[in-house]
Amino acid sequence: MNKTELEKYKAMLLAKQAELSRGLHNREDIAIQKTPDALDEVQLAGERELAIRNLDRETNLLRNVRGALARIADGSYGVCLHCEEDIKTKRLDAVPWAAYCIRCQEAADRHEFEAVESLDELLANAA
Ligand SMILES: [Zn+2]
């Protein structure tokens, strides 16, 4: 991958990281909202559940984005973490934080191997 491409993905990842960080921050405000009204309480509980689910997904996504930025920094970006083949730029254009090529991602989705997204996750699993 050439420097121009790398800069392009880095800019995409940084923008995504900023967007996710902002979103996660706003969600914290929703989560601590309280109301004396029982009906609102039910609705808020539902919203909270949805917010938590989104939070989970966005936290994971943020971890993947940070992992990709770390791989740009250490020069391993764009290479599949599993089979070490180059990840197609078409895939990176759509999913710049992709850690695996399509083939390995599908295998990971079928749990054919344990997908490790980042060092963070390795450390979390070891703890
Ligand atoms: Zn692969």
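# Salt bridges, zinc site and core: a working chat

User: Which side chains meet in a salt bridge at 3.0 Å, N to O?

Analyst: The side chains of Asp93 and Lys8 meet in a salt bridge, with 3.0 Å from N to O. Please keep in mind that this is a predicted model.

User: Where do Asp93 and Lys8 lie?

Analyst: Asp93 belongs to helix H3, which covers residues 89-94, while Lys8 belongs to helix H1, residues 3-31, so the pair ties together parts that are 85 residues apart in sequence.

User: And are those two buried, partly exposed or exposed?

Analyst: Asp93 is partly exposed, having a relative accessible area of 37%, and Lys8 also counts as partly exposed, at 39% relative accessibility.

User: How many salt bridges does the structure hold?

Analyst: The structure holds six salt bridges. Among them is the one between Glu49 and Arg53, whose closest N and O atoms are 3.3 Å apart. These residues are four apart in helix H2 (residues 38-74), which means that about one helical turn separates Glu49 and Arg53. Arg53 is exposed, with a relative accessible area of 51%.

User: Which residue forms a salt bridge with Arg110?

Analyst: Arg110 pairs with Glu112, and the closest N and O atoms of that salt bridge are 2.8 Å apart. Arg110 is exposed, and Glu112 is exposed as well.

User: Changing topic, what coordinates the zinc ion?

Analyst: The zinc ion is coordinated by the SG atoms of Cys80, Cys83, Cys101 and Cys104, at 2.3 Å. Along the chain, the donors of the zinc ion follow the spacing C-x2-C-x17-C-x2-C.

User: Why is the arrangement tetrahedral?

Analyst: The four donor atoms around the zinc ion subtend angles of 106 to 116°, and four donors count as tetrahedral if all angles lie between 85 and 135 degrees. The arrangement is therefore tetrahedral.

User: Are Cys101 and Cys104 buried or exposed?

Analyst: Cys101 counts as buried because its relative accessibility is 9%, and Cys104 is buried with a relative accessible area of 7%.

User: Okay, now the largest nonpolar core: which residues touch the most other members?

Analyst: That core has 22 residues, and of these Leu13 and Tyr77 touch the most other members. H1, H2 and helix H4 (102-109) each supply at least two residues of this core, and H2 gives the most, with five residues.

User: What does Tyr77 touch?

Analyst: Leaving aside residues up to four places away in sequence, Tyr77 touches Met1, Leu6, Tyr9, Leu13, Ala68, Arg71, Ile72, Leu92 and Pro96.

User: Where does Ala51 lie, and is Ala51 buried or exposed?

Analyst: Ala51 lies in helix H2, and at 8% relative accessibility Ala51 counts as buried. Ala51 and Leu24 are 27 residues apart in sequence, and their C-alpha atoms are 9.5 Å apart in space.

User: Zooming out, how many helices and strands does the chain have?

Analyst: The chain has five helices and zero strands, and read along the sequence the pattern is α-α-α-α-α. Of the 127 residues of the chain, 30% count as buried.

User: What share of the contacts comes from residues 24 or more positions apart?

Analyst: Among the contacts in the chain with a separation of 6 or more, residues 24 or more positions apart account for 56%.

User: One last thing, the backbone: what is phi of Glu84, and what is phi of His111?

Analyst: Phi of Glu84 is near 65°, and phi of His111 is near 60°; each is a positive value in a residue other than glycine. As background, most residues other than glycine have a negative phi.

User: Where are Glu84 and His111 found?

Analyst: Glu84 is found in the loop between H2 and H3, where at 63% relative accessibility Glu84 counts as exposed. His111 is found in the loop between H4 and helix H5 (119-126), and at 70% relative accessibility His111 counts as exposed too.

Conventions. Residues are numbered from 1 along each chain as its sequence is written. This is a predicted model: local features need pLDDT of at least 70, side-chain atom pairs count only at pLDDT 80 or more; totals for chains, interfaces and linings use all residues. Side-chain values use heavy atoms; hydrogens and water are left out. Donors are N, O and S atoms within 2.8 Å of the metal (3.2 Å for Na, K and Ca); water is not among the atoms, so sites may look incomplete. Four donors count as tetrahedral if all angles lie between 85 and 135 degrees; four count as square planar and six as octahedral if opposite donors are over 155 degrees apart and all others between 65 and 115; anything else is irregular. Buried means under 20% relative accessible area, exposed over 50%, partly exposed in between (1.4 Å probe, protein chains only). A salt bridge is a side-chain nitrogen of Lys or Arg within 4 Å of a carboxyl oxygen of Asp or Glu. A nonpolar core is a set of buried Ala, Val, Leu, Ile, Met, Phe, Trp, Tyr and Cys residues joined through side-chain atoms within 4.5 Å. Contact means heavy atoms within 4.5 Å.
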